[in-house]
Protein chains: 2
Amino acid sequence: MFNEIDLKILNILQENARTSNADLARAVDLAPSAVLERVRKLERRGVITGYAAHLSPPAVGLSLTAFTFVRVEEAVGATDTGRLLADLPGVLEVHYTAGAAAYLVKVRVADTAALAGLLREMGRIESVRDTNTTIVLETVKETAALPLNHHS
Amino acid sequence: MFNEIDLKILNILQENARTSNADLARAVDLAPSAVLERVRKLERRGVITGYAAHLSPPAVGLSLTAFTFVRVEEAVGATDTGRLLADLPGVLEVHYTAGAAAYLVKVRVADTAALAGLLREMGRIESVRDTNTTIVLETVKETAALPLNHHS
DNA sequence: CATGAAAGTCATCACGA
DNA sequence: TCGTGATGACTTTCATG
């Protein structure tokens, strides 16, 4: 699906999304206009889904990370509960998981009090049976950068 | 720590990291030079940690997401095992968790065969006692954008 | 798909209020 | 901290190979 030039562009943009088009062009040794078209095409094809600044959670007052399993009673395949969970403030990720009908929810909040409040909100959702939370003590690695290989 | 102008800048950049400085300036109604200095300051203070292009995992051949709990036998507080886990290809996140001495590892791979291979790699690490994997069927929400409030 | 030229726009810096 | 103004670089489009 990609040639090596596309891969190089994707890797550079994963590392620094604010790399200028001119710098990209120099890196892959193409004219800026050619690079611009490649990037646009990658965006249009849905390969690049967006560009995000990443902030330091503690720096913005979100010092507590946790993962919560939310067991639900809902028809298999339905994700209505998931969407309700996703809308709660502090919920960054909601994954519907195999096995026990449950969502795995990644949460970032200020402190344990805020976590307690968030769990209470989750419990208020009708279809939620119970929750099981694991608090993160230390994040060793956290990236959104995907490993790209040549036969992608 | 932040005033409303900084918050607005941070929110815009979380949404689109490639927003030009000139557009930022128009959005917050300041001169470009003033905005540039604010952004630089936010970077230097460690509030903004980077800018990343986000790719569609299936579009690059990574269609399987999973979370693996890795129980370890290692001194409390040590994260050597965590770093070894972090270096495995396909491992996006490694969190050391409270409770049972364990890491919660977020993984993205091509398919179940690749997952099996990755789990085998994990098992090869000496300090790893066992692993427990939950496969994601559907990701309802997945963002790195942090909710910012005015008393951050 | 890539190039190169042209027009408009932007990034960046020094300076002053 | 901010605005102004200058300059060199960049972005983007388009005609063309």
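1. Across the interface of chain A and chain B in this predicted model, the rule finds two salt bridges, a salt bridge being a side-chain nitrogen of Lys or Arg within 4 Å of a carboxyl oxygen of Asp or Glu. Glu93(A) and Lys106(B) meet through their side chains in a salt bridge, at 2.9 Å from N to O.

2. The rule also finds 36 residue pairs in polar contact across the interface of chain A and chain B, both residues at pLDDT 80 or more; a polar contact is a pair of N or O atoms within 3.5 Å, where, within protein, one must be able to donate a hydrogen and the other to accept it, and residues adjacent in sequence count only if both atoms are side-chain atoms.

3. As for extent, 60 residues of chain A are in contact with 61 residues of chain B, contact meaning heavy atoms within 4.5 Å. The area buried between the two chains is about 5500 Å², with 63% given by carbon and sulfur atoms; buried area is the accessible area (1.4 Å probe) that two parts lose on being put together, summed over both. Arg18(A), His54(A) and Leu55(A) supply 13% of the area that chain A buries against chain B, more than any other three residues.

4. On conventions, the model is predicted, and local features need pLDDT of at least 70, side-chain atom pairs count only at pLDDT 80 or more, and totals for chains, interfaces and linings use all residues. Residues are numbered from 1 along each chain as its sequence is written, chains are lettered from A, and side-chain values use heavy atoms, with hydrogens and water left out.
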